[in-house]
Each structure stands twice: as C-alpha cells, then as structure tokens.
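Hi,

Here is the structure I promised to pass on.

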Amino acid sequence: MTDQSKIHEAADRLWQAWETGVPGAPIRDLLAEGDVDAAYAVQEINTKRWLGGEERILSGRKIGLTSKAVQNQLGVGQPDYGMLFADMEYMDGEEIPLSRLHQPKVEAEIAYVIAAPLTGQHITMVDLMASIGYVVPALEIVGSRVAGWDIRITDTIADNASSGVYVLGQSPKRVGDFDQRMCGMVMTRNNQPVSVGAGAACMGSPLNATLWLARTMAKAGRALGPGDVVLSGALGPMVPANPGDVFEARINCLGSVRAAFAKE
Amino acid sequence: MTDIAKLAEIVDEAARTATEIPQFSDTKPLSVDEAYAVQAQSIQRRYARGERRVGIKMGLTSRAKQLQVGVDDVLWGRLTDAMREEEGGEVSMAKYVHPRVEPEIAFLIGKPLSGNVSALEAMAAVQAVAPALEIIDSRYKAFKFDVGDVIADNSSSSGFIIGNWHAPDIDISNLGMILSINGVAGEIGSTAAILGHPVRSLVSAARMVASAGETLNPGDIVLAGGATAAIPMAAGQAVTLDVQNMGTVAFNVVE
C-alpha cells in the first residue's frame, strides 16, 4: 500500500514539472513498486486540479501501452489511460509551439469520436461499435514530465499516461467503412518514412483497445460519452520530434493527418 | 584472380544439400560485380539440372536493412521453379539450412520489362499482384554475411509461396500486413515499408535485370522484398500472412 501523503507528493512533483516546463525526477520512488492504483490516484489529483482551475475541459481519453513490445518493455500486461483536454488539440498542419511540448515523440493512431454514452457493467464490442460516431486518423504527440523519459509503469500512469498534444485528421469515416485491424499505416517525418505498421499493432485492433478503455472508464467513474475523442494507441513505433519537423501519417482507407512543429 | 566457377559450385552445393558454409568474406571479400557473376554461374548449374527461371526476388528493399548490410542499393536474386512451395501446403525444414519467412507482395509480369523505366511503365507491364511469403535462407554460418557474400548466395533466395492473384488496379502503396505464427501476430507492417511503395522495387528490378543482360518476361514473378523483419522458421509452425484487401497466404512447417 502506498501512503496517501506520498501520492500527493508525487502529484505535486509532476505538477511542478508541468508548470515550469522542466522535466523532473521520476515519482516511482514515492509509490509502492508497481502500485498502478496509486499511480492512477496521482493522475486523478492533477486531473481535478486542472478541471477545478476552470481553464481546462476534458475532450476525451488516450490509451497508452497498446503494443506488446512496449508492454514487455515496461513489464506490464495491459494498456493504460490518460485524460485529453481540449487545449491539447491542434489543427491539421497548424504550427505547434515548442512551449507546449515536453521531450516530444510522435505516434500515428486511429481516433474514435463517441456519439452515445458508454456506461454500465457489461459494455460489449457491439455496444462500442454502435456508439462510435465516426473515425479519423490522428497524430498523438506524447511527452514526459520525467527527465530523459526514465519511466516505469507508475511514472507514466501518474503523468497522465505521458500525454502531450494531438491532431485529428479531417476525413471522418464510419466504423464500418474499413477494416480497423488490417489498415496499413505509414508515418513520414519531413517526407521520409520513419514508422510503418497496421491496425493490428494496437492490441490486435484499435477497437479492442477502445473496448478496454470504455469498460475501464465506466468503472473509474469517468465513462465515455458523446463528443469524447479516444486516441486508441500507436499503430507503429513512436518517433522523436525536433523543432521544424513536419510529420504526416497515412492510414489506408482512413486518410491522412499532419503535425507541424515550430522552428523555435 | 577470383575463381568465379569454384565459388559458384560452393554456393550451389551448399544450397542443393542444405549445408552451411563459411563466409567468402572471411578469406577474401567479393566485389558486387564478382558476386553477381558467382550468382549467375551458380544459377546456371541449377538450369543444367533441369530447373528453370520463373522470376526474380528483390532484397534490401528497406532503408533499415541496407544500413544493416552497409550498402545503399537494393539487390536481387533468381527464382526457379524448384523454389516454389505450395500455398496451403507443407514446407519441410530438411530442404533448408536456417530458414526465415518474410511477408511480401508479388508482381506477375504481363509484358516484357527491362532497363530504366518509370513507375508508370513498370505498372503497365504488370498483369497481376498477389500476397506472397518468401523463405530466405542464407547458406552462410549463423545467417551472417557481407554484401558480396549474400549476392553470391542468390541473395538468400530459397523458397516462395504465392497467394491469390488480383488485377493490378488496387492501390498497393500502404496495405496492412500481419504475419502470424500459430495464429499469433508476429510481425505487423505495411507494404509502404518496401521502398515507400512496392512499385519502386519493380522499377529497380527492371534496372537490375537489364544490367545482367536479362529481361523480365511475361509470366515472370517479381518478389518485391520483405515488408517486415523475417521470422525464423521451425517445425510445427502454421505460418499465415494477411494482407489488407488481398487475402491470405499460408503454409505449415514440418521436420
């Protein structure tokens, strides 16, 4: 069991790094080893702080650790989640200021926009597919408030699942329009292919990851509902971003999306 | 002087008897030209035994693999009818040294193609496209080689399995690929990993056969190159490749 005061101390440490923009020490030393519940408690403290301050509103959720390789790296058998806030969203091709980034890395993902509440004890794949309004390609720019990305599972969960900012593509499709598992993905940085993959790289299918999220959020008291964006997880390896870089992701049968980083 | 005929005999015997050999580069590295000469002569030995050429394979078609081997061009090898394995059938480990399998796209040539051609000209010569699995099997110890070694060894080409042919009017630039072993996804990728677009591999194929005085002829198969890392084969595996919009290609590995 992790001590309550330590949970608050961890939240303060991450908050400090967020406020100053300077990544700090990991927080895992404050929590019992692998105490995922305590790590989510840390995340929830800062979520409440942001929402209480009235300057941020929730826009959705992100799912992390959706690839087998990354799960193995962190020694976990399941994904994690973090909150998305409306101010994290940038438009396709809009210049993203460096001040918003913390050691940024870019991932290509499928984003689901939820159109109906997903509540209750027994959410099924059928419920999920029926509740999805539309699907768009997305680039997630993850970040870490932990210096050098020196993270273990509790560090990343406490740090809002290493969330950063995101960009949605503007070619909405219905969930039945294409094969979520088989769609190919290629991401370029300054026109050079740097990451390739397919839907299956995200827990076998991005819908599998999203169903896990819907169930987990319903239990955690932050159920998915109309208008929520779900960033479902990377379809290929993540790639570090440098000032001036332009990334483009193309997801076959879904469309494309771009993230442009400011030069300075 | 490098004894091309002698080296051709060594690699051909290694392939024929599924026996591993030491790297030529351990004693004297081959130049790219010498290596292709060894390959051509070793393939002549196969033709003399009654095998016939049915196409070619492209290799090092990803930047990552080129860097690994330390070259900045693709390479190629010949496919013969004896290398064809049956789709849905059994592949015997006994035929190979230490085989690996990788997911590919195959082109079926409908019109002669050779020389410096555009992507448009290359696609105009294609009659059909199919999902394919290539069995690569370096005859060298520990699957290690330099560029001269691998070219001399027919670019590790040793077996191939072709799935259903499709009309070439589908977009093949970014098709999702899942290579599974016993139903579990092992490698996941996209045809975009093949030089950014598999047609670029076909353009290179036309250029490379021309430099050897050959042509891609109607009926020839061109394997475009691996789209993901290769997976080591072992008896008992059920190997399946799913390609977006193209279907599956599969085989079982036996002793």
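Keep in mind that this is a predicted model.

How many of the eleven residues of strand β5 (residues 126-136) of chain B are buried? Nine of them are, so the strand is largely enclosed by the rest of the structure.

Now over to chain A. It has six helices and 13 strands, and 50% of its 264 residues count as buried. The C-alpha trace spans about 50 × 50 × 35 Å along its principal axes. A compact globule with 264 residues would have a radius of gyration near 18 Å, and the 17 Å of chain A agrees with that. Taking contacts in chain A between residues at least 6 apart in sequence, 76% join residues at least 24 apart.

Last, the interface: 15 residues of chain A are in contact with 15 residues of chain B. On the chain A side, β8 (184-189) and β9 (192-198) each supply at least two residues, and β9(A) gives the most, with four. By type, that side of chain A divides into nine nonpolar, four polar and two charged residues.

Cheers

Definitions and conventions: Residues are numbered from 1 along each chain as its sequence is written. Chains are lettered from A and ligands numbered from 1 in the order in which they are written. This is a predicted model: local features need pLDDT of at least 70, side-chain atom pairs count only at pLDDT 80 or more; totals for chains, interfaces and linings use all residues. Two residues are in contact if their C-beta atoms, placed from the backbone, lie within 7 Å. Ala, Val, Leu, Ile, Met, Phe, Trp, Tyr, Cys and Pro count as nonpolar, Asp, Glu, Lys and Arg as charged, and the others, Gly among them, as polar. The radius of gyration is taken over C-alpha atoms; the globule rule is 2.2 Å times the number of residues to the power 0.38. A residue is buried if 20 or more other C-beta atoms lie within 10 Å of its own, exposed if 12 or fewer, and partly exposed in between; C-beta atoms are placed from the backbone.
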